[in-house]
Structures are given as structure tokens and as C-alpha cells.
Amino acid sequence: MGALAAIGGWIMRLLRWTALLALVGVGVLIGGWLLLKPDPRPRAPALSEPYQGETFAERPLAPPRAVETGDCGEATQYTEAARANSGSAISLVWTPFGPEEVGWETYGPLIAAEIGTACGFGQPGFAAALAEWQRRHGPSRDGVLRPADFEIMKQAWHRRRPFSKIRPEDCPPPTADLTFAGVEEVYGRPMQLRPGTLAAYRRMIAAARAEAPEIFARPEALKIFSAFRDPEADALRCEADGNCDGLRRTLCSAHRTGLALDLHVGMAAGRDPASTANANRLAQSRDPAYRWLVRNAHRFGFVNYAFEPWHWEWTGEPV
Ligand SMILES: [Zn+2]
């Protein structure tokens, strides 16, 4: 009996220890899971973070801030800043995208949308809105636009374009899911694009016609002059024309996705609607069609490539 009781006691101790160890194990597992589980909340990256590492679902598509209306001359404490801005907007010599440019007026509509003002770039209301933006993002806070402010905005605009995050070596295959735009929707030759892109484009054009009919006094306004481009045809054309317009574009253009559209937003005299000449882009930045797009295209899922006022990408489907 003594031996049996000893064995029974030993078994009971073993069971107790096993139960204790199992409890500790479960606790460690739960603790580890809580510590390591992925955070389901979408995380907007800080503006200073590099572009990599976001998937389509995580990409923040922050629309431009709500436009503040009011008296653009009211903020008299920003009169000096407004004077500095109206000067640099036409005279600053800088290289925001590589080639030298003079002034930043071309980017005025994009900047105004980003800082949430309807005021012109030389007005105190613009400087006041910029100072407010600078308090949250900028290195300075005096309402005077400098290249460092622009660089932060440029990164934010870049980050809103899913395509811009694709490395050339990860270039997606040309999309096969394509449909033709209507003849009345294109400027020039027939254009193919993804059905979703076309549907979003049509919703956007219907809204523009209702909200800003003056845009369409120019019949070609907002018509599509380039959409899907087959990379092989692109390569042949670049060879034939002797104009490859940058190696990256030939290797991996956003136009291979069926998500990118080039829209007619006017042009300078003697230029074509996709001329990267500074004078052409400046003329386009003053065009009512472009200005409407800057304020409204995000409602339909379109984002702009800031260097090309005509180039818009639909963000409604993964690249
Ligand atoms: Zn384009």
C-alpha cells in the first residue's frame, strides 16, 4: 500500500507540474501572439519615410485638404510672406525634378490643394494656409514657400501613386483586361484602358460637365490622348522616333497597366499636349481643366504625376 500511495502521490505531482507547465506555455503563446500580431490599422507613413514597403491596401490616398474660402487678403501678418512667394513663384531658379526650372507657379494649383486654400500663390491667404501646413510638416513656419517644403509635398504626391513604388525589376506584365474608350472620349487615335479606369473616367467627366461646364468651351478638354501602351509598341516607337523619353519609361511605363491616362489640359502655343517644356506645363497649370482636376480628380480615385499636368493614374485597382 505504501508503495502504491507513493506512486499515486508521484503521479499527482507529475500531473500538477504538467498542468502548470501547460498553463505557462499557453500564457507565453498568447503573450507572444499579442506582441507580434500585425496591427490591422492602416498606417499613414510619416512624410519623411522612404516610399518602399507599402502594399496597395495600405497606401494612404489622402485627398487634398478641404478648401478654405474667405478673404485672401485678410491675413495681413502674412503680407511680407505673400510678397516673397509672389516673387519666387516666377523667379526661383531650382531643379525640383532634375532639369532647371524658373519659378514654381506651375505647381501652384497642386500646392494650394495640398495646403487647403483657394487663394492665389501671391496672396496673404495662401501664405497663411502654407504657414499652417508648415507647422505640421515643414522645416519652417513663416508661410514662405521654399524647395524644402516642396520636396515634402512632392514625396507625399509620389506616395499616393501606387505605380511609383514599383521597382523597374518588379515591373508588372502589360495588363490584358482592356476595353476601348469611345471615339468622342479620345483625342487622336483609338485608346484602350482597363474597364474600371474607363468607368471612373466617365464618372469624373460627368461631374466636370455638371460642375464646371466652362471647361468644355474647348472641345478637346479632358479628352484622352494616351492610355494603355503596349511596352513592345512603346519600344518600337522610341526606336523609330529616336526619342525614348527616359529609360525608365521605356522599361516600365505606368501606361502598361491600363490605369494611366493622359488627359488634354491645354498647351502653350506651338507645343503638343504632352510637352515637358516648362512654358507648356506653366500654360497647362493655368488651364481650367487642369485646375478642376487638381481639386476634384481624387474624388474619382485619380492622382496626378506632378511633373506632367496631363498624366493621371487611377488608384481604384491594384497595379
Ligand atoms: Zn502619361
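Q: What span should the 13 residues of H2 have at 1.5 Å a residue?
A: They should span 18 Å, and the end C-alpha atoms of H2 are 18 Å apart, which agrees. The expected span is 1.5 Å times one less than the number of residues. Helices (H or I, at least four residues) and strands (E, at least two) are DSSP runs, numbered from the N terminus.

Q: Before I go on, what should I know about where this comes from?
A: This is a predicted model, where local features need pLDDT of at least 70, side-chain atom pairs count only at pLDDT 80 or more, and totals for chains, interfaces and linings use all residues. Residues are numbered from 1 along each chain as its sequence is written.

Q: OK, back to H2. Which residues are buried there?
A: Ala 81, Ala 82, Asn 85, Ser 88 and Ala 89 are buried in H2. They cover an arc of only 135° around the axis, which puts them on the same side of H2. That arc is taken over the directions from the helix axis to the C-beta atoms. Buried is a neighbour count: 20 or more other C-beta atoms within 10 Å of the residue's own, with 12 or fewer for exposed, partly exposed in between, and C-beta atoms placed from the backbone.

Q: And what covers those buried residues of H2?
A: The cover includes H3 and H4.

Q: How does H4 look for length?
A: H4 runs over residues 124-137, and its 14 residues reach 19 Å from first C-alpha to last, close to the 20 Å expected.

Q: How many of the 14 residues of H4 are buried?
A: Ten are, so H4 is largely enclosed by the rest of the structure. Among them are Phe 126, Leu 130, Trp 133 and Gln 134. Their cover includes helix H2 (79-91), helix H3 (108-115) and helix H5 (147-159).

Q: Where is Cys 119 found?
A: Cys 119 sits in the loop between H3 and H4. It counts as buried because it has 25 C-beta neighbours inside 10 Å.

Q: What does Cys 119 touch?
A: Leaving out residues up to four places away in sequence, Cys 119 touches Cys 72, Gly 125, Phe 126 and Ala 129. A contact here means C-beta atoms, placed from the backbone, within 7 Å. Gly 125, Phe 126 and Ala 129 are also among the buried residues of H4.

Q: Switching to strands. What order do the four strands of the open sheet come in?
A: The order is S5-S6-S8-S7, with antiparallel pairing. Strand S5 (224-226) and S7 are the edge strands, each pairing on one side only. Two strands pair if DSSP finds at least two bridges between them.

Q: How many bridges join S7 to S8?
A: Four, between S7 (residues 302-305) and S8 (residues 308-314). The two strands form a hairpin with two residues between them, and Val 303 stands opposite Glu 313 in S8.

Q: What about S6?
A: Strand S6 (residues 260-263) is joined to S8 by three bridges. There, Ala 260 has Glu 313 as its bridge partner.

Q: Last thing: how confident is the predictor?
A: The protein chain averages a pLDDT of 85, and 84% of the residues score at least 70. Over residues 38-61 the pLDDT is below 50. pLDDT is the predictor's confidence in each residue, from 0 to 100. Where it is low, the predicted coordinates should not be read in detail.

Conventions:
Contact = placed C-beta atoms within 7 Å.
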